[in-house]
Amino acid sequence: MQSNEVNNNKLIDDSIILIVDDEPINATVIEGLLASHFKTHTINCGEEVMSVCDSIKPDLILLDVMLGSMSGLDVCKELKAHPSYKDIPVIFVTSTMDIESENACWEVGASDFVMKPVNASTLTHRVKTHLQNKLRTEFLEMMTFHDQLTGLYNRMYLTKEIPLLIKQVARDKGSVGAIMLDIDY
C-alpha cells in the first residue's frame, strides 16, 4: 500500500483542505505550502464557512483563531454542533498560544493547532496525519455498519440506529417498518 493511501483506497491527495484566514497573505502562504499535496480552497471570513462546507465538503479545515467579526473558536463550535460537519478535523493556525488560548481551542473541538509563522514540514505532516485518521475512521465505520457483499446496512447498524429511529418516529407521530432477510440459507 502506498503511503498516501488508506485501506479504503481513497487517496489523501484527493482530500480537500479549507483554509480560513482573514489575512490574504497568510492564506496564500498556507495554500502554497499545501497545494502540491492536496486540493485547497481559501476563504477570508468565518461567516462563510458553513455555506462553503455545504458546497465543497472539505475533509479538513485550517482555521485562524483571530478572524474578523466571527472568531475561529465560534466557527469551530458551530461546525462541531452540525451533524454533517462534526467529524471534520479542525486545525487552528494561530500566533496566540498561551495556556488559555490553547485550552479554548481544545474545548471547542479542535483536533490540533499550529503556530504562526507555520513550519512547512510540520503543517504538511499534521494535515496528512489528521486526514489519514479521518479516512481510517470512515473506513472502519463503513466496515462496521455495512454488509461487505451488498453494501447495505447490517444488523449492528440496525441495533444501534433502530432505537433512535423509533423515538424520532414516536415524536413525529409517524410509523416505521423494517424487513430483515437472512440470505445465508
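Start with the largest pocket: its lining residues divide into eight nonpolar, two polar and four charged (Ala, Val, Leu, Ile, Met, Phe, Trp, Tyr, Cys and Pro count as nonpolar, Asp, Glu, Lys and Arg as charged, and the others, Gly among them, as polar). Before you click further, note that this is a predicted model, in which local features need pLDDT of at least 70 and side-chain atom pairs count only at pLDDT 80 or more, while totals for chains, interfaces and linings use all residues. Residues are numbered from 1 along each chain as its sequence is written, and side-chain values use heavy atoms, with hydrogens and water left out.

To find that pocket, select Asp147, Leu152, Tyr153, Asn154 and Leu181, which lie nearest its centre among the 14 lining residues. The space inside comes to about 480 Å³. Here a pocket, found on a 1 Å grid over the protein atoms alone, is an open set of points where a 1.4 Å probe fits, with protein on both sides within 12 Å along at least five of seven lines; lining residues have an atom within 4 Å of a point. Grid points are joined across faces, edges and corners, and the volume is the space filled by probe spheres set on the points.

Keep asparagine 154 selected. This residue sits in the loop between α5 (120-145) and α6 (155-171); helices are DSSP runs of H or I, at least four residues, and strands runs of E, at least two, numbered from the N terminus. Leaving aside neighbours within four places in sequence, asparagine 154 contacts Met143, Thr144, Phe145, His146 and Asp147 (contact means heavy atoms within 4.5 Å).

Next, select Ser84, Asp87, Ile88, Lys134 and Glu138. Of the 13 residues lining the second largest pocket, these are the closest to its centre. This pocket has a volume of about 290 Å³, and its lining splits into four nonpolar, three polar and six charged residues.

Now show helices α2 (residues 49-56) and α3 (residues 72-81), which pack at about 45 degrees with their axes 10 Å apart. Axes are lines fitted to C-alpha atoms, for helices over the stretch in contact, and angles run from 0 to 180 degrees between N-to-C directions. The two helices are therefore oblique to each other (under 35 degrees counts as roughly parallel, over 145 as roughly antiparallel, 65 to 115 as roughly perpendicular and the rest as oblique).

Where does serine 15 sit? Look in the segment before β1 (16-20). Serine 15 is buried, at 0% relative accessible area (buried means under 20%, exposed over 50%, partly exposed in between, with a 1.4 Å probe and protein chains only). Its contacts, not counting residues up to four places away, are Phe38, Lys39, Asp59, Leu131 and Leu135.

Most residues other than glycine have a negative phi, and most peptide bonds are trans. Select lysine 57, in the loop between α2 and β3 (60-64): its phi is positive, about 50 degrees. Lysine 173, in the segment after α6, has a positive phi near 55 degrees and is exposed at 74%. Then go to proline 117, in the loop between β5 (112-115) and α5; the peptide bond from lysine 116 to proline 117 is cis, with omega near -10 degrees.

Finally, zoom out: the protein has six helices and five strands, following the pattern β-α-β-α-β-α-β-α-β-α-α.
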